[in-house]
Amino acid sequence: MWPRLLDMDLDQCKLLLRRLELEAYSSMVSAFRAQGDLSAEKKQLLRNVASTLGISTERHKAEVRRAVNDEKLTTVAERIGGDNSSIEWSIEGRRLVPLMPRHIPQTVFTVTANQVANMAHAHNATLPDPEQTARKEGYSSLGDGSRPATSGPNHIVLPPGTVLPKK
C-alpha cells in the first residue's frame with residue numbers, strides 16, 4: 001500500500017519536530033490564558049512542559065505576551081474568569097531585560113517623506129470635518145440591499161454598489 005516513511009532527511013525531521021513543539025507550547029499557553037487566571041499549578045505545568053519541549057525562558061515570556069495581547073483570548077478569559085484575569089499573565093510575560101529606546105530612523109527619503117507629510121497635513125486642514133460632509137445627490141450605496149438611486153447610460157455603478165455620474 002502506502003509507504004510507512006516519507007522521503008525526509010534528518011534536518012527536515014528535526015525542523016518539523018521543533019515546529020510541532022513550538023506549536024504545542026503556544027496552544028497550551030493560549031488555552032491556559034483563555035481559562036482565566038494564571039494559577040500556581042498552571043505556572044508549574046508550563047515550566048515542566050517548557051523544559052520537556054526545550055522552550056527557553058525568553059520564548060516562554062514571548063508566548064505569554066502574545067497570549068496577553070490576543071483580543072480573543074482576553075475576551076474569553078474576561079467573560080469566563082471575570083475581571084483582573086490578566087494581571088498575573090502580564091507579570092509572567094515581563095521582559096527580563098527592558099527594551100532599549102530606539103532612535104528615529106534616518107534614510108535618504110526622510111526629507112521627502114516629511115515634506116509630503118506636511119503637505120498632506122496642510123491639505124487635510126483645509127477640508128471640512130467628516131460630520132459636516134454628506135453624500136451628494138445622485139450618489140447611492142447598495143450596502144443595505146436597495147437599488148441605486150439613478151442608473152443608466154449617464155451613471156457608473158461600482159462593484160460595492162456606489163453610483164457615480166459620468167462626466
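Leu16 sits in helix H1, which covers residues 10-35 (helices are DSSP runs of H or I with at least four residues, numbered from the N terminus). The model is a predicted one, so local features need pLDDT of at least 70 and side-chain atom pairs count only at pLDDT 80 or more, while totals for chains, interfaces and linings use all residues. Residues are numbered from 1 along each chain as its sequence is written, and side-chain values use heavy atoms, with hydrogens and water left out.

Leu16 counts as partly exposed because its relative accessibility is 32%; buried means under 20% relative accessible area, exposed over 50%, and partly exposed in between, with a 1.4 Å probe and protein chains only.

Turning to the inside, the largest nonpolar core has 17 residues, and Tyr25, Val29, Leu46, Ile55 and Trp89 touch the most other members. Such a core is a set of buried Ala, Val, Leu, Ile, Met, Phe, Trp, Tyr and Cys residues joined through side-chain atoms within 4.5 Å. Two or more residues each come from H1, helix H2 (40-53) and helix H3 (57-68), with H1 giving the largest share, six residues. In soluble globular proteins, nonpolar side chains tend to be buried together.

Leaving aside neighbours within four places in sequence, Leu46 is in contact with Tyr25, Met28, Val29, Phe32, Leu38, His60 and Trp89 (contact means heavy atoms within 4.5 Å). His60, for its part, belongs to helix H3 and counts as buried because its relative accessibility is 11%. With neighbours within four places in sequence again set aside, His60 is in contact with Tyr25, Leu46, Ile55 and Glu92.
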